Amino acid sequence: MTKVPFAGRPAPAHSLLRKNVLSRALTLALVLPFASTALAQDAEEAAQQPEAAELDAVVVTGSRIKRAEIEGPAPVVVITAEDIEKEGFSTVYEALNTLTQFTGSVQNELTQNGFTPNASFINLRGLGPGYQLILINGRRAADYPLPYNSQSNAVNLANIPAAAIARVEVLTGGASAIYGSDAVAGVVNIILKSNFEGDQLTVRGGTTTRGGGDVGQFQWVGGKTGDRWSLTYAFEALEREEIFASQRDFMDSYFDEPGVAPEDVNPVEGILVFDAFNSARLAPDGVEATCDRFAEFDTFFFETSAVYTGPRCGYFGYPATQAIRNADSNQSIYLNGTFDFSDNVQGFAQFYHSRALATLASNTQFWANPGSFIYIPNVDSAALGPGGGAFVQLQRIFTPDEVGGLGAQTTEIDEKTYDFAAGIRGTFANNRFDWDATISHSEYHLNTDRPRLLENAINDYFLGAQQGLDPYFNYYPQYELNLDRFYNPIDPATFQSLNTRVRDDAESSVTQFNVTISGDIFELPAGPVGMAAVLEAADQDYRIDPDPRTSPNYTGPDPIYNLTSTGGGGDRSRYAAGVEFSIPVLESLRANVAGRYDYYDDASAISGAETWQVGLEWRPIESLLVRGSYSTSFRAPDMHYIYAAESGFFSGIFDEYRCRRDGFDPTATPSQCTGPDYSYQVFGTRSGSPVLDAEEGNSMTLGFVWDIRENMSFSLDYYTIELEQAVSDINVGELFRNEADCLLGQDRDGNPVDINSPTCQFYVDLIDRAGTGPIAGDEAVNTFRTFAINQAYNKTSGLDATWRYQLDTDRYGNFTFALAWTHVLDLEFQEFPGEPIEDRRDNPQFFNFRSRMNGSVGWEKGDWNVNVYGTRWGSLPNWAETGRIAPHLLWNVNVNKEITNNMSVGLYVNNVFDKIAPNDPTFNTYPYFWRAFSPVGREVFLQLDYRFN
């Protein structure tokens, strides 16, 4: 057996501290051993280091074969419950969010108008939230019922009870040959507590120093054991107050836009009657007088406009009404029990249930006229003269005073999860083989309840019934605008009468059965050959039932204004068989070989998938492990990609065809194609695609682990992941660009395009052009369709490095040091074969970090324990792509004191220096920083731990 000097988290690392960061880490690794000698200059310093403990054989994520070594052919990051606490985090997701391998970005609570604003996903290697497999004690968990970005399925990590977690093991490479689909960028295995003895109570409370976000957390963990049985239990409650953008002065208004003088700030126009003929803003007694009636609106002049520089009525504080962190009320309970039927057979069962009630608040609602333009006879356009009426676009923002105050209109999301597993395990053949048979069931239920305007009620309130068509073109609908209502604030009671509550239901589940056998099958000269075999069967389903009034095909009496929902539902069955061998080729060389077959029964084009994996471990000397692995991987299409019902959405498009048709260059700066003829809102539809096939790829890692000296280790691994036929929705910009190429018979550079090719037919058929009248122009887009397709190619590669050191002294206490770093070498994407490969590593559209790093320093002496934890996001291209913004570094510090043998208290300060985000003067869209960065700021917590005898 290999001695393991110490067990801890190989702190994920990520981001170059400049070009020589790795050399600096190596320098530290070589210098600190000598520094330790100077730290212990008393006579007792020469005493021997404590003996390292021998490890029993255990199953480590990435293999089903039990082994004594922590390190294997593929890198595994281990985060213990103690690590989560030392790093200052309250949830497992907060800890995973600092993994250096988490180089991509995800939608979060800042995206209040998104499809999953109450879920927490991870994105290893920047491939997307669904490309890492999430396991609970080695079993698949039910997906979050609502699709991420309305498209794909992923597992929500926010509902895992932190009190029940023993550790998290993260395999940072492909492992489909061991675990099947989704294990493309890695595997996150959340291992829950078992065989716990005693009881421990934890109470934690805190707040943010910038305001809002009060947090209270209660945890009770305990366990009992007998001669033949054990019971572990945990309960957790978390209450968290929301934070509004108005509580952060750097994002509470449009005046926060960097690099822009106050007089040039462009806010939302709070009340707007836009004259289509001359681009003027109309009001019965002037824009300024109308704007002054609303406390939240201000008159401004947009001096840089090439069309209209007159007064406008702006809402500068519009963003302040949204929450930037949800209010949460979460409770969870966990039970785990075992019973020994005999010396060789043990029964076990596990259950956890969580309930989360979240309150969200997006921006206040708005209203705009139906269609692109309407004709109103009772407001005159200068172009049409007195009594001529006007062709207009209307917009009305409802202020907090009108709706009943900040937070008066909130969305509630009620989530419940259930997870149950039971089985029998044991040994046979004189304890030579282990076996395990488990059946499990996991469910996720979700209900949303949000306020929305009633379309007929709000249209009637401002416009009344349609009065035919306009007298000029006999095309645009004619209404008489209620001037008194439109140009004056309304009271909250009236506003509420125009609203309803939209309620959606969704659920998902997975039921699975697996049998595993592992053990040594025979001896070779270099040692025993280990084997593991697995059989699996699973049923998975999901259902999304949106409010029927939000269907794009709804024809009832009460449609919802400006909202369509995504529905869908379906099921699939999966069967799999796999085998794995660990073969000692030489005393210093071990090979690991695995193969697996998965069969899918669903509506997609996928049926079966074979995957295999080979890994090598070479130990030329006892302190050095050289390792490498190569594996094939596959990913079954997400169920919502297959079964999504038709849903509608409004999208702003750039009509490249009309721009180029009119002789303009779409790439010119400043833009030659401005105004509503080229950029306008279009209704689109999306639906599932049953013809999708599996995504296939491969993954490779190559590196080493070096125990430089006792209690110090260093590892460096190269990784590369390639994926073909990746599933994703057609990019809207690419859709309209390619359609323009096909309609015009040439691309932007003048190269010929075959207008009769299948590719051109594909793009042209997705867009409906019929023209919307003489003002909007001919050949305008009416609607377009999009859906998921198997795309061509994704690739990423990079480096992972970790360094760990433990220094024990009698005089100064015990110290621990950890450093980890990930650097992405490339991140490539290609939508269709033959197209140019797109570099997404440094593309600001995709928010991928080139590097990340984290590190920690811990000190323990007597009753005191101090930990410093830092995480660093590397530099990013600025929004204008003219340079790079600075790296972002955050520090967490905590101090703990043991008051009695049973009780300790701690002070935790997260984000000690109250950092928000690196400055980017070119970032001209709200919130003016990358959404991957947190706007919460400094948080301070007090924690009490009490252990019962």
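## A tour of the predicted model

The accessible surface of the protein comes to about 38900 Å², and carbon and sulfur atoms hold 54% of that area. Such areas come from the Shrake-Rupley method with a 1.4 Å probe, and for residues only the protein chains shown count as cover.

This is a predicted model: local features need pLDDT of at least 70, side-chain atom pairs count only at pLDDT 80 or more, and totals for chains, interfaces and linings use all residues. Residues are numbered from 1 along each chain as its sequence is written, and side-chain values use heavy atoms, without hydrogens and water.

**Select the whole protein.** Its C-alpha trace spans about 100 × 65 × 55 Å along the principal axes.

**Switch to cartoon.** You have 13 helices and 44 strands to find. They are DSSP runs, numbered from the N terminus: helices are H or I with at least four residues, strands E with at least two.

**Select β1 to β5.** These five strands form an open sheet with mixed pairing, in the order β1-β4-β5-β2-β3. Two strands pair if DSSP finds at least two bridges between them. Which strands lie at the edges? They are β1 (76-80) and β3 (139-140), and each pairs on one side only.

**Select 165-171 and 186-192.** These are β4 and β5, paired in the antiparallel sense over six bridges. Strands of a sheet pair through backbone hydrogen bonds, either parallel or antiparallel.

**Select arginine 167.** Its bridge partner in β5 is isoleucine 191.
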